[in-house]
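Dear colleague,

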Amino acid sequence: MIQGVINSIRESQVWSSIFRHGIPRDRRTRVMAIMSNVFLHLHPVAVRKSGIRLSFTWCMGGLTFFLFIAETISGVLLMFYYRPVVEYAYSDIIGMRAHLTLGIMREIHRWGAHAMIISVWLHMMRVFLTGSYKPPREFNWVVGVILLVLTMLLSFTGYLLPWDQLAIWAITVGSKMAEATPFAGMAGPGTELLQLPGGIPIVTPYSDAKFLLLGGESVGEAALLRFYVLHCIAIPLGAATLIAVHFWRIRKDGGISGPM
Amino acid sequence: MISLLPISSLLLAAGEVNITALDKFKDFVNRWSVPQYSLPLFCIIMFAAFIWYRKWTKPIVFWPLMLGFTVVYFAFIPLDESYASILKKPDNVPITMMIFLTLYFLWLGLRQAAINDENMEIGKPLIEEDREDKVLCWPDLVYTELLAMVLCTVVLIVWSVLLKAPLESPANPAGPPNPSKAPWYFLGLQELLVYFDPWMAGVVLPGLIILGLAAMPYIDTNPKGNGYYTFKERRFAILTWMFGYLILWCVLIVFGTFLRGPNWNFFGPFQVWDPYRVDPLTNINISDVWYVVLLGGKLPDNLLVREWPGLLFTFFWLCVLPVLMTKIGFFGRLRAQMGFSRYYLMAVLFVIMMLVPVKMVGRWTFNLKYIIAMPEINFNL
Ligand code: HEM
């Protein structure tokens with residue numbers, strides 16, 4: 001009876017228009033399953049057995065990617081309720097907790113971000129320990145390093161959005177560092193030496209690295225908007241693009257590394 | 001956690017019998033946790049772990065060690081309020097996860113390295129060497145991935161249900177909390193602010209970390225150890241990297257999150273964060289040491305004359321030391337193997353990394369404040 005229903009679904013025009021192959025039970029259909037699916041075909045059809053052993057990759061790259069997707073989805077949901085304006089930001093966060101059914105989306109998003117940081121570090125440690133950055137994978141390691149920075153910047157920019165004490169003062173600590181950039185921040189070494197003839201300073205409090213980051217002299221309205229746009233649009237787009245490059249390069253560099 | 005409670009209450013019971021013994025132990029840990037003792041201790045532990053990596057990575061040694069560590073780590077939550085308040089802070093939970101996951105995966109990697117290194121010595125194949133044909137991604141890989149995703153989702157949901165995301169009072173630009181902390185993953189850098197000015201700790205050093213990481217595959221020309229776990233074939237690379245990652249990154253993060261309290265003063269794990277504690281600042285610059293302490297005079301007015309000892313040291317450290325190192329057999333061989341530009345890129349990055357512990361030791365031994373102190377142009381090193 002149930003088998004009959006399943007079979008008739010599998011034979012229906014709708015099903016067979018989506019899945020162009022039979023149940024992946026033999027070699028041919030298993031190959032088809034990977035090749036005819038746009039997501040699965042990120043994978044090669046066949047891999048070396050040791051390359052997919054959990055104790056080799058620790059699955060950390062994969063988990064980082066999964067967490068990135070989980071962050072994207074939960075982040076989009078949060079965007080429905082959050083307005084990046086000083087008047088509303090904090091109360092929107094409170095409202096999320098108070099008024100939403102099963103209001104754990106903010107928790108998922110926050111803890112997922114922490115988890116992603118840890119997983120990307122562990123992924124890097126695994127790639128380092130297996131020497132997988134060595135030729136021919138040098139460039140993919142570099143792509144990875146940029147992804148590492150982007151992951152931390154994603155988390156950092158998101159930290160400001162709740163607009164509570166934790167948020168603005170953490171970002172203030174960060175912006176103090178930007179202010180100290182050599183030759184580009186007001187408190188940085190050498191900045192005062194950069195002068196046009198006549199003693200006109202080149203870098204001013206309105207054009208230094210900190211101002212660039214915050215859009216103002218302190219963490220305020222402009223910084224919130226800047227961090228929001230960076231957090232929700234610019235950095236995710238950059239990271240998604242680089243993740244695509246990263247995956248493509250894994251394939252082009254001959255798949256997961258292994259002894260020659 | 002729950003299963004640990006009986007053990008804690010046992011300890012608690014023992015503590016009631018002999019409360020002073022427990023207090024003495026806490027006192028001992030507090031005193032030893034200050035960076036000048038604990039950082040060298042962590043270094044010793046790390047290097048010992050790499051020297052004897054074939055011994056302790058045996059499951060029969062590792063798991064009891066890990067279990068013991070876990071018990072001690074959690075047992076003190078009910079035994080000490082300040083310790084509990086640190087560990088239970090929602091934003092500190094990731095640190096605990098980081099500690100345990102890093103230890104576990106370090107073991108997992110080194111365990112396989114130990115097996116591989118032994119296998120290579122007796123001519124057996126590596127763990128990673130396949131005798132079979134390739135396997136298909138469906139089902140061997142996609143099912144693992146599915147399982148990993150499901151597990152990860154479950155962990156994330158449970159974590160989110162159990163622990164509320166923190167939300168403090170609304171932002172108040174006029175009232176900084178004390179201490180003001182950056183997000184936890186940057187606290188290693190904030191911890192460096194104790195020893196360096198912001199331009200170093202917040203800009204130059206992180207910039208060099210990124211640059212150094214990106215340059216690594218082009219610097220490390222050792223063809224061995226590509227695609228399999230090994231320690232024996234890449235000792236220098238692994239030790240250097242791990243020193244940077246485990247000690248200078250992870251341990252400093254633990255300090256910054258767990259042990260830095262009001263005014264960024266250092267507090268042991270069982271010490272109450274007293275906001276009124278004042279730690280005297282008696283730090284002195286190299287130029288003070290030279291002109292005032294040693295020569296018994298006063299500081300000259302000219303900037304360059306005043307700071308020449310520090311400038312000389314810095315020049316020596318960054319420019320002469322990399323050359324001098326080639327006289328040591330090991331670095332000499334590296335220089336010959338790697339060629340000019342690779343070697344000097346590596347050596348300069350290496351000595352800059354080592355400047356961090358060197359300055360720390362300077363601080364701990366003679367209260368070194370700045371090697372070069374030119375506050376006139378915001379240039380303090
Ligand atoms: C958003 C961050 C990242 C994502 C989503 C990601 C994803 C992945 C995935 C899924 C793999 C396949 C094997 C595995 O899971 O270990 C991989 C491999 C690799 N990753 Fe990443 N990665 C990220 C960051 C990094 C970082 C930070 C580095 C290094 C600094 C890095 C370097 C590499 C290299 C060299 C490989 C090839 C390893 C091999 O062939 O054995 N990736 N990455």
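**Domains, chain B and the interface**

In chain A, the C-alpha centres of domain 1 and domain 2 lie 38 Å apart, where domain 1 covers residues 1-46 and domain 2 covers residues 47-252. Please keep in mind throughout that this is a predicted model, and that the values below are computed from it.

Chain B is also divided into two domains, and here domain 1 is written as two segments, 28-129 and 225-277, while domain 2 runs over 131-164. The centres of these two domains of chain B, taken over C-alpha atoms, are separated by 26 Å. Where they meet, 6 residues of domain 1 of chain B are in contact with 4 residues of domain 2 of chain B, and the two domains bury about 410 Å² between them, with 68% of that area on carbon and sulfur atoms. On the domain 1 side, the residues that lose the most area to domain 2 of chain B are Pro90(B), Met97(B) and Glu129(B), which together account for 59% of what that side buries.

Turning to chain B as a whole, its secondary structure comes to 16 helices and 3 strands, and its C-alpha atoms fill a box of roughly 75 × 60 × 45 Å when this is taken along the principal axes. Of the 381 residues in chain B, 47% are buried. If you consider the contacts in chain B between residues at least 6 apart in sequence, you will find that 70% of them join residues at least 24 apart.

How many residues of chain B are in contact with chain A? There are 96 of them, and they are in contact with 92 residues of chain A. The size of an interface is often given as the accessible area lost when the parts come together. For chain B and chain A the buried area is about 8400 Å², of which carbon and sulfur atoms give 73%. Within the share that chain B buries against chain A, Trp138(B), Leu167(B) and Asn226(B) supply 8%, which is more than any other three residues.

With best wishes

Technical notes. Residues are numbered from 1 along each chain as its sequence is written. Chains are lettered from A and ligands numbered from 1 in the order in which they are written. This is a predicted model: local features need pLDDT of at least 70, side-chain atom pairs count only at pLDDT 80 or more; totals for chains, interfaces and linings use all residues. Side-chain values use heavy atoms; hydrogens and water are left out. Helices (H or I, at least four residues) and strands (E, at least two) are DSSP runs, numbered from the N terminus. Buried means under 20% relative accessible area, exposed over 50%, partly exposed in between (1.4 Å probe, protein chains only). Contact means heavy atoms within 4.5 Å. Domain bounds come from an automatic or database domain assignment. Buried area is the accessible area (1.4 Å probe) that two parts lose on being put together, summed over both.
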